[in-house]
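Please keep the model open while you go through this note. The points below can be checked one at a time.

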Amino acid sequence: MTEQKIAADVISAENEKRAGALKSDYAALGEKLARNNIDIDAVTKQVAEFFVAVPSWGVGTGGTRFARFPGLGEPCNIFDKLEDCSVINELTRATPTVSLHIPWDKADPKDLKAKGDALGLSFDAMNSNTFSDAPDQTHSYKYGSLSHVDAATRAQAVEHNIECIELGNAIGSKALTVWIGDGSNFPGQSNFTRQFERYLASMADIYKALPEDWRLFSEHKMYEPAFYSTVVQDWGTNFLIAQTLGPKAFCLVDLGHHAPNTNIEMIVARLIQFGKLGGFHFNDSKYGDDDLDAGSVEPYRLFLVFNELVDAEHRGVKGFHPAHMIDQSHNVTDPIESLISSANEIRRAYAQALLVDRTALEGFQSDNDALMATETLKRAYRTDVEAILAEARRRAGGAIDPVATYRASGYRAQVAAERPAVKGGSGGIV
Ligand SMILES: [Mn+2]
C-alpha cells in the first residue's frame, strides 16, 4: 500500500466541487477536436502517459547570489524532500520519478529505495556535484574538477561520479548527468585545447564505469560560475563530447543554458537528427540561467520544443526516449506549488504539440506557404487544453485543480509545525 501524503478524501472532496464543470468543458473540447478528426480520449491517454522528473533540490526554497529567504516547513534531508516530491506526484500524477543530487542527497541506498517504494516514487538520473567542495574532500574544485590541471584532483572528481553511478545503480536509476563549473575567468588563464583534452579523458573514465543499460548525459551551459570561458559551453561542444565518448553518451539540454534568443528548438531538432538528444532540464528564463518556472515566461518556446519532440515521435525516430526532468529554483513561491504548476505547463506544451496537424503542416511546407505553416502551429498552440490535462489527472487519481487541492490539504502548515526551520539550506542552481 502506497503511503499518501495528501489524504485521498481531500482530493476526492476537492474534485467533487469541480467534476461537473470539467465534464462539460471536456465534452465541449472533445466536440471541437472531433471536427478536426482528433479523438480527445486518445490525446488524454498520451498526456496521462507523459511524465517528468522532479529535482530533489527543487523542493527547498532556492536563492540568488545575494540572499536566500527560507520558506516554511522546508525539507531537512532527502527523506523530507521525497515526501514533498510525493505530494507533487499525488496531485498531478505526472511526476513519479525524482532526480537526486549527490552529495546533497547521499544516504544509505536501502533507505532511499525503501522510502521511494513506500511513496510510489522511483529514481531518475543521478547528478554529481564537482562545482563545489564537500566538507571532507582532499582536493579543492576552486580551479576546476574534471578538467583540472592537477591529475589527483581530476581523479577525485572521476571517483565522485563513479560513486554516483554506484549509488544510482543500487536504487534503480539508469543515467548520470554531469554538469561542471570548469572554465576560466581571464583570457590566458587556461589553454582551451589542453583543458578540453583533460575533460574528455576524465569523462572517458566515467563512461567506462557505466553499467550496460545506463546513459551518460553531459549538460552544457554558456557561462557561470566561469565568466570568461566555460569548458562545456554550448551544444556543439556537447555534441562533440557525446560523439567522442560513445553510444551511451548523450547531450542534455537545460532550457536556461543558452544565450537569450537562441533557437533552442532547432538545437533539439539537430540533436534528435544525429541521435544524441539525451534529455532536458525544463525551466524558463528571461536573461540567463534564471531557473524560473517552466512555461512562465516563454510558453510558446516550450511548445516549439515539444513540437520537435512530437515530430520525432510521429516520424518514429529509432531509440528516441529523452529523459524529461525539471531543474528550477524557487525563490518567491512555495516550491511544491511551482513544481506542480511546472509539471502542468510541460504537459500542456506536450498536449498542444499533439494537436498539430502534421499532414497539413508538411503540405504547407512543401508549397512554401509560410503563413499557413505557422498558422498550423498557432492553431494547436491556441487550443485551451486545460480540460485534457485536468481529466488526465482525474483519471489517474490526481486532482482536477492540484494547486487549490494542495492549499486545501494544509500540507505546508503541517510540515512547518513538524520540521525545524532551515537557515542555510542546500544550493539550487545547476
Ligand atoms: Mn540543469
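Predicted model: local features only at pLDDT ≥ 70, side-chain atom pairs only at ≥ 80, totals over all residues.

1. **Leu 377.** Leu 377 sits in helix α12, residues 370–382. Helices here are DSSP runs of H or I with at least four residues, strands are runs of E with at least two, and both are numbered from the N terminus. Leu 377 is partly exposed, because 19 other C-beta atoms lie within 10 Å. The cut-offs are these: buried means 20 or more other C-beta atoms within 10 Å of the residue's own, exposed means 12 or fewer, and partly exposed is in between, with C-beta atoms placed from the backbone. Setting aside neighbours within four places in sequence, Leu 377 is in contact with Asn 307 and Val 356. Contact means that the C-beta atoms of two residues, placed from the backbone, lie within 7 Å. Leu 377 and Phe 69 are 308 residues apart along the chain, and their C-alpha atoms are separated by 41 Å.

2. Residue numbers start from 1 along each chain as its sequence is written.

3. **Helices α9 and α10.** How do these two helices cross, and at what angle? The axes of α9 (residues 299–315) and α10 (residues 335–354) come within 8 Å and cross at roughly 55 degrees. α9 is therefore oblique to α10. The axes are lines fitted to C-alpha atoms, for helices over the stretch in contact, and angles run from 0 to 180 degrees between N-to-C directions. Angles under 35 degrees count as roughly parallel, over 145 as roughly antiparallel, 65 to 115 as roughly perpendicular, and the rest as oblique. The crossing of α9 and α10 is right-handed. A right-handed crossing has the near helix turned clockwise from the far one by less than a right angle; anticlockwise is left-handed.

4. **Residues between α9 and α10.** On the α9 side, the contact is made by Pro 299, Leu 302, Phe 303, Phe 306, Asn 307, Leu 309 and Val 310. α10 brings Glu 345, Ala 349, Tyr 350, Gln 352, Ala 353 and Leu 354. By class, that is 10 nonpolar residues, two polar and one charged. Ala, Val, Leu, Ile, Met, Phe, Trp, Tyr, Cys and Pro count as nonpolar; Asp, Glu, Lys and Arg count as charged; the others, Gly among them, are polar. Asn 307 of α9 is also one of the contacts of Leu 377.

5. **Helices α3 and α4.** The axes of α3 (residues 78–92) and α4 (residues 109–119) come within 10 Å and cross at roughly 20 degrees. The two helices are therefore roughly parallel. Their crossing is right-handed. Ile 78, Phe 79, Leu 82, Glu 83 and Ser 86 of α3 meet Leu 112, Lys 115, Gly 116 and Leu 119 of α4. The contact holds five nonpolar, two polar and two charged residues.

6. **Cis peptide bonds.** Pro 103 is in the loop between β2 (97–102) and α4. The bond from Glu 224 to Pro 225 is also cis, with omega near 10 degrees. Pro 225 lies between β6 (215–219) and β7 (229–230), in the loop.

7. **Positive phi.** Asn 37 has phi near 60 degrees, a positive value in a residue other than glycine. Its loop runs between α1 (8–34) and α2 (40–48). Asn 37 is exposed, with 7 other C-beta atoms within 10 Å. Phi of Asn 261 is near 75 degrees, again positive in a non-glycine residue. Asn 261 is exposed too, with 6 other C-beta atoms within 10 Å.

8. **The loop between β8 and α8.** Asn 261 is found in this loop. Ala 259 lies there as well, between β8 (249–254) and α8 (264–273). Ala 259 counts as exposed because it has 9 C-beta neighbours inside 10 Å. Ala 259 and Met 222 are 37 residues apart in sequence and 7.1 Å apart in space, C-alpha to C-alpha.

9. **Record annotation.** The unreviewed UniProt entry annotates residues 100–291 as "domain: Xylose isomerase-like TIM barrel". The end C-alpha atoms of that span lie 17 Å apart, and the span is 36% helix and 18% strand. UniProt positions follow the numbering used here, feature names are shortened, and annotations may be inferred rather than shown by experiment.
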